[in-house]
Amino acid sequence: MLDLVVKENKSLNNQYFILILTAVDKLPEMLPGQFAEVRVDDSPTTFLRRPISINFVDYEKNELWLLVQIVGDGTQKLSQLKTGDSVNLIFPLGNTFTIPENKKANLLLIGGGVGIAPMLFLGSYLNDLGYSCNFLLGGRTASNLLQLDDFSRFGNVYTTTEDGSHGEKGFVTQHSILNKQNFDAIYTCGPTPMMKAVAAYAQKNNVFCEVSLENTMACGFGACLCCVTDTTDGHLCVCTEGPVFNITKLKW
Amino acid sequence: MVDLKVNLGTIQLKNPVMTASGTFGYGTEYADFMDVSRIGGIVVKGTTLRDRQGNAYPRMAETPSGMLNAVGLQNKGVDYFVNHIYPEIKDVNTSIFVNVSGSTIEDYIETAAKINELDKIPGIELNISCPNVKEGGMAFGTSCPSAAQVVKAVRKVYSKELMVKLSPNVTSISEIAKAVEAEGADSVSLINTLLGMAIDADKRKPILSTVTGGLSGPAVKPVALCMVWQVAKSVKIPVVGMGGIMNARDAIEFLLAGASAVQIGTANFIDPTVSVKVLEGIETYLLQHNFSSVNEIIGALEI
Ligand SMILES: Cc1cc2nc3c(=O)[nH]c(=O)nc-3n(C[C@H](O)[C@H](O)[C@H](O)COP(=O)(O)OP(=O)(O)OC[C@H]3O[C@@H](n4cnc5c(N)ncnc54)[C@H](O)[C@@H]3O)c2cc1C
Ligand SMILES: Cc1cc2nc3c(=O)[nH]c(=O)nc-3n(C[C@H](O)[C@H](O)[C@H](O)COP(=O)(O)O)c2cc1C
Ligand code: FES
């Protein structure tokens with residue numbers, strides 16, 4: 001548990017913002033897929049902490065980024081934080097993605113909506129390790145496609161929108177790249193129907209695939225057992241055994 | 001120096017701050033955040049005779065100043081506890097209680113008898129109040145005869161501190177408390193969660209997989225405080241109070257109402273170090289008000 005300081009609160013549009021946080025001391029090591037439990041202060045309707053994925057980490061600048069979509073009172077309150085404000089986080093929580101040994105592996109990172117958040121950190125992490133990445137990002141419309149410039153620093157970026165306003169028209173799983181290339185591993189985060197469609201594609205084509213799940217969380221660190229998902233090993237906590245799961249383990 | 005030791009029936013706790021079952025795991029989940037041996041007592045997760053997968057998800061809904069849970073006693077069973085968890089936690093320097101649950105009286109007896117063999121477990125908290133399992137659980141705790149029956153049966157096989165956890169989902173909690181006291185309970189703890197419900201109006205569906213769940217957090221505090229006060233007046237055995245405690249002031253209110261110790265539940269999720277803060281706050285309060293022992297404020301409410 002740590003009090004971080006808001007370095008910048010960047011509004012992307014009326015729905016999304018990036019909180020750039022920093023600390024007096026050096027930030028702890030974090031891994032892609034991990035998340036933070038953010039305490040929301042001064043919101044009478046927000047009782048529990050809010051789980052938010054680690055979007056990007058810059059150890060040199062001592063920065064931790066959170067990409068947040070405003071959906072209710074808690075995220076609304078976070079959107080009003082100003083430079084210099086303090087935010088209390090429990091982090092880093094959860095597991096990480098499995099990285100293949102072969103540095104030449106053809107990797108595809110698929111993000112939908114605010115589910116792109118952990119994909120940026122994963123991409124930068126893979127890039128640092130010497131892997132090349134392909135990002136396939138989907139949104140309802142162009143304004144739902146976020147951080148495209150940041151993604152393009154770490155690999156090739158492909159996009160889809162449901163209305164065709166950016167990239168190919170349709171869902172991520174309809175993108176032509178899926179027919180043109182063979183992938184060694186697919187990592188995905190986004191709305192459940194999207195992740196299920198990606199998992200179905202991976203299964204059909206026999207590709208290694210990990211998904212990052214969401215669930216209702218009260219604690220985020222394995223104490224309450226409120227966040228389970230059904231797996232081949234029974235009910236497992238998304239907060240400690242996940243959020244990243246191999247699709248072969250999930251019963252969804 | 002103030003004396004923080006309190007008596008709970010057959011045992012003494014080093015201080016009155018405990019953590020509540022189902023919210024503190026086995027204590028190990030909190031070791032990264034604090035020195036758990038500072039706490040007066042830890043009540044570990046609800047333990048049943050056999051492995052339980054618990055309820056389907058969603059299991060949690062946030063509510064105004066609280067939360068509903070429908071975990072449904074997910075645990076690996078008492079044998080797993082004895083063989084794998086007990087060795088890991090037995091040397092933590094605090095009083096560890098096992099919360100025992102069951103679907104039948106035989107389940108309770110067999111589970112309690114197995115825990116009775118464990119040297120470093122000074123007591124059990126008999127859970128006759130879980131609202132989240134269909135069979136058993138709360139069914140035992142909502143009528144005087146059935147509550148008395150299960151306590152009587154467990155008392156025969158369990159020789160250490162027998163704390164009985166009471167349900168608030170009853171007409172008169174004092175009557176239940178008196179019934180379990182008569183069968184040999186050493187102490188009572190209350191309250192377990194209040195039966196509650198949350199609905200998603202857009203989907204026209206319940207939010208929890210089980211439709212109803214157990215309400216906890218500050219939303220239940222006034223109810224819990226009142227019940228602790230009523231029970232403390234009706235029984236001679238010690239009362240352990242809980243329900244919505246978020247800080248030291250809340251805990252002190254429970255002590256004043258007659259609780260010999262308190263348990264902290266949901267608050268651990270928001271601040272995993274809250275129990276230590278509550279302990280320090282109680283100490284400060286006692287010093288400020290010139291008390292030399294916490295026992296001086298137990299039941300000291302002036303009416
Ligand atoms: C492991 C994990 C990582 C996450 N990472 C991010 C992230 O990086 N960025 C981000 O913006 N969000 C993320 N979320 C979702 C985020 O936690 C919720 O959107 C947030 O808690 C909503 O809080 P609120 O108070 O604003 O809304 P609430 O008032 O709690 O809810 C408002 C509305 O949003 C819906 N909602 C609430 N929680 C969720 C959820 N988990 N998923 C979908 N809909 C929900 C509710 O049904 C309700 O209708 C993550 C969730 C998990 C479990
Ligand atoms: C997620 C969760 C799980 C719980 N599991 C148990 C349990 O296994 N056994 C039990 O006796 N009480 C259980 N409880 C009830 C708590 O121990 C406590 O009685 C209740 O939450 C009220 O205290 P609080 O408001 O401080 O949380 C649980 C509560 C929560 C929130
Ligand atoms: S959120 Fe509490 S165990 Fe996962």
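User: How many helices and strands are there in chain A?
Analyst: Happy to start there! This is a predicted model, and the count applies to chain A of that model. Its tally is 5 helices and 16 strands.

User: What radius of gyration does chain A have, and what would a compact globule have?
Analyst: The C-alpha atoms of chain A fill a box of roughly 50 × 40 × 35 Å along the principal axes. For 252 residues, a compact globule would have a radius of gyration near 18 Å. The value for chain A agrees with that, at 17 Å.

User: Which share of the residues of chain A count as buried?
Analyst: A residue is buried when its relative accessible area is under 20%. Chain A has an accessible surface of about 10700 Å², with 47% of it belonging to carbon and sulfur atoms. Of its 252 residues, the buried share is 55%.

User: Is A:Thr188 buried or exposed?
Analyst: A:Thr188 lies in strand S12 of chain A, residues 185-189. Leaving out residues up to four places away in sequence, A:Thr188 touches several others, including A:Ile110, A:Met119 and A:Val211. Because its relative accessibility is 0%, A:Thr188 counts as buried.

User: Which polar side-chain atom lies 2.5 Å from an oxygen atom of ligand 1?
Analyst: Let's go through the polar neighbours one at a time. A polar backbone atom of A:Gly72 is 3.0 Å from an oxygen atom of ligand 1, while a polar side-chain atom of A:Glu214 lies 2.7 Å from a nitrogen atom of the ligand. The 2.5 Å pair, with an oxygen atom of ligand 1, involves a polar side-chain atom of A:Thr75.

User: How much of the accessible area of ligand 1 does the protein cover?
Analyst: On its own, ligand 1 has 880 Å² of accessible area.

User: Which element gives the largest share of the shell around ligand 1?
Analyst: The ligand is surrounded by 17 residues, which divide into 8 nonpolar, 6 polar and 3 charged. Strand S4 (50-53), strand S6 (63-69) and helix H1 (73-79) of chain A each give two or more residues to this shell. The largest share, 4 residues, comes from S4(A).

User: Which residue just after H5(B) takes a positive phi?
Analyst: Now over to chain B, where helix H5 covers residues 173-182 and its buried residues include B:Ile173, B:Ile176 and B:Val180. The buried residues of H5(B) pack against several elements of chain B, among them helix H4 (144-157) and helix H6 (221-234). Just after this helix, a positive phi of about 105 degrees is taken by B:Gly184.

Notes: Residues numbered from 1 in each chain as written. Chains lettered and ligands numbered in written order. Predicted model: local features only at pLDDT ≥ 70, side-chain atom pairs only at ≥ 80, totals over all residues. Heavy atoms only, no water. Near = heavy atom within 4 Å. Polar contact = N/O pair within 3.5 Å; in protein donor to acceptor, adjacent residues only side chain to side chain. Areas by Shrake-Rupley, 256 points an atom, 1.4 Å probe, with all protein chains shown as cover. Nonpolar A, V, L, I, M, F, W, Y, C, P; charged D, E, K, R; others polar. Buried < 20%, exposed > 50% of the residue type's maximum accessible area, 1.4 Å probe, protein only. Contact = heavy atoms within 4.5 Å. Rg over C-alpha atoms; globule rule 2.2 N^0.38 Å.
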